[in-house]
Amino acid sequence: MSTNIADYVRTTLVRRGRWGIGEIAFWLIAAATLYFLPERHLILNEIVIIGLFALSLDLILGYAGIVSLGHAAFFGLGAYTAGILARDGLTDPLLGLAAAAIAAAILGFVTSFLVLRGSDLTKLMVTLGVALVLGEIANQASWLTGGADGLQGIAMGPILGLFEFDIFGTTAYAYSLTVTFLLFIIARRIVVSPYGLSLRSIRDNPLKARAVGIPVNRRLVAVYTLAAAYAGVAGALLAQTTQFVSLDVLAFHRSADVMLVLVIGGVGYLYGGLIGAIVFKVLQDVISAWTPQYWQFWIGLILVIIVLAGRERLTERVRTFWKGMAGRTAKTLPKTSAREV
Amino acid sequence: MSFPENAVLTILFDGIAYGMLLFVLACGLAVTLGLMNFVNLAHGAFAMAGGYVTAVLMNRSGVPFLATLPLAFIVPAIIGLVLERTLYKRLYTRSHLDQVLFSIGLVFMAVAAIDYSFGSQQQLIQLPGWLQGRIDILGVQVGLYRSFIIVICGALVVALQLILTKTRFGSRLRAAVDDPRVARGLGINVSLIFATTFAFGSGLAGLGGALGAEILGLDPTFPLKFMIYFLIVVTVGGTTSITGPFLASLLLGIADVAGKYYVPSVGAFVIYTLMIVVLVLRPQGLFERAR
């Protein structure tokens, strides 16, 4: 019996791990925009960065169930790390990325112990508090961060010593897209692994997960650290491609926005963040062209409507659609979902 | 470095006034968040509504300050009642994530709507003459307006405590919160109680916003700026009684005023750090026994 279940889990995971046609098409289209939409590369670059940021939030919210209102802490730390390195002469972009990822991962690791305890509300407050503390530090340490004026004088070297950043944002977009794609592959590999399964079971029922022998705390620490590193990379990409960092990267609205992005796209499947980023940015573009000062009102309204209309139902619909696109028909899979295995 | 004793007492006094104000602002949240377990990040929006009622009535219609205060209570209470009946009540049983998203959405809308209607500048109110200035009591500088706030808020605290512990409504509320199903079975109209409480809490927030416009400042970003303070009061204070949040607001008020006076360069840093430490060590709040 146990081998049957093990076999079943294995085949399910392998099947989930296969790339569907829809997914391949998604990335091919993304790559094609490098050639077909040259005048939109600046905004596409922003979309990709927000998408990566939302993806990292998805790792802890969608897969581990930690409600965070302070994810900007890691984004901001990554941005400042990469920005400060570049300002002080270490202009290699990849070095900056690595440093940002490590810095954010360390902060993520240390603060992860704070979110292990307490209710949703406590977690929410603690994550929010961490972001606020970081914001205060960045504000006060103006000799390092430039304070309220922002970090100026960032000059990036060419990527791998070959590709210079250009003013049309083409190199920047290609760079961000490549990094995001690579990180996406890793994340995808992780969530379809047994480790990813154990995360989902923790999200759905921490008590039961602990009872069946999953080391809940260790898993949460690991995924929180990983998500922090991802967010740090997203921040670093923003700093490097826009060559400017301001206190805005640590602001509360950034944490709120990324949550909104993820919710628009759908929580709990990796494309949610990326799709949400596209929809969010396009919406923001359209609304702020129409009413530049008050676009926040409409974003708020959309958020309220999404929640009232039933966020999960919407997500479920998108996800079913996505699965259909990916060529994985629901009929070939037994109805047992992963959380019951 | 030494400070005269009087300065210490003045700071203490200002801190108490500030803390009392925070309590009136946040006690509605203590009920929705603490008792009803609804994560309502939009609480500051009701406070802002009260503040704007007072500011607009005073500056545009010339209504005297005291006369605006009842309206600063009633208008947010009605808004709260309407929103509770139409929107909030659908979300009581939803996940915390949904509640967070919903209330953030409301905050964004409130901020933009106020910005659109009244502009993004600070709203200034002109206090009546008898509330301005400081007097000297036994060598301690005491602000008249702050004494006024302490008297009003102190009376409110006592009244709230009495309502919650001594009246029929209070015991019904506690019953409804403890176990809505059983309470309903006993014939208590739970949803009516929740609606009343929500409206009352919103009204109190509005009153706090009006009283605090002079001290805290009032502009469209008010709900976001003070959201964290309200949340600190409720989570640090714990939620089973109102004494916990009350003590927490006093502590927060005194710490904030003293911090700004003695170590202005550190800013709000200390408060946030302390909040994290308290929440990590005592997730159930400072003044409660662990469950």
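**Exercise 1. Describe how H6(A) packs on H9(B) in this predicted model.**

Solution. Step 1: take the two helices, where helices (H or I, at least four residues) are DSSP runs numbered from the N terminus. H6(A) covers residues 120-140 of chain A, and H9(B) covers 222-237 of chain B.

Step 1: find the geometry. The axes are lines fitted to C-alpha atoms over the stretch in contact, with angles from 0 to 180 degrees between N-to-C directions. For H6(A) and H9(B) the angle is about 135° and the axes are 11 Å apart. H6(A) is therefore oblique to H9(B); angles under 35 degrees count as roughly parallel, over 145 as roughly antiparallel, 65 to 115 as roughly perpendicular and the rest as oblique.

Step 2: assign the hand. The crossing of H6(A) and H9(B) is left-handed, that is, the near helix is turned anticlockwise from the far one by less than a right angle, whereas clockwise would be right-handed.

Step 3: list the contact, which requires C-beta atoms, placed from the backbone, within 7 Å. H6(A) supplies Leu121(A), Thr122(A), Met125(A), Leu128(A) and Leu132(A), and H9(B) supplies Ile228(B), Leu231(B) and Thr235(B). By class there are six nonpolar, two polar and no charged residues. Here Ala, Val, Leu, Ile, Met, Phe, Trp, Tyr, Cys and Pro count as nonpolar, Asp, Glu, Lys and Arg as charged, and the others, Gly among them, as polar.

Conventions: residues are numbered from 1 along each chain as its sequence is written, and chains are lettered from A and ligands numbered from 1 in the order in which they are written. In this predicted model local features need pLDDT of at least 70, side-chain atom pairs count only at pLDDT 80 or more, and totals for chains, interfaces and linings use all residues.

**Exercise 2. Characterise the side of chain B that touches chain A.**

Solution. Step 1: count the residues. On chain B 34 residues are in contact with 33 residues of chain A.

Step 1: assign them to elements. Those that give two or more residues are H4 (96-118), H9 (222-237) and H11 (269-281) of chain B. H4(B) gives the most, with 16 residues.

Step 2: classify. This side of chain B has 25 nonpolar, six polar and three charged residues.

**Exercise 3. Describe H8(B) and its packing against H2(B).**

Solution. Step 1: look at H8(B) itself. Helix H8 (residues 190-216) of chain B bends by about 35° at Ala210(B), the bend being the angle between axes fitted to the seven residues ending there and the seven starting there. Because 20 of its 27 residues are buried, H8(B) is largely enclosed by the rest of the structure; buried means 20 or more other C-beta atoms within 10 Å, exposed 12 or fewer, and partly exposed in between. Gly217(B), with a positive phi near 85°, follows H8(B).

Step 1: pack H2(B), residues 43-61, against H8(B). The angle is about 55° and the axes lie 6 Å apart, so the two helices are oblique to each other. The crossing is right-handed.

Step 2: inspect the residues. Among them, Gly50(B) and Gly51(B) of H2(B) and Gly206(B), Gly208(B) and Gly209(B) of H8(B) take part. The contact divides into ten nonpolar, eight polar and no charged residues.

**Exercise 4. Is Ala248(B) buried or exposed, and what does Ala248(B) touch?**

Step 1: count neighbours. Ala248(B) has 26 C-beta neighbours inside 10 Å, so it counts as buried.

Step 2: leaving aside neighbours within four places in sequence, Ala248(B) is in contact with Val233(B), Val236(B), Gly237(B) and Leu286(B).

Note on methods
Contact = placed C-beta atoms within 7 Å.
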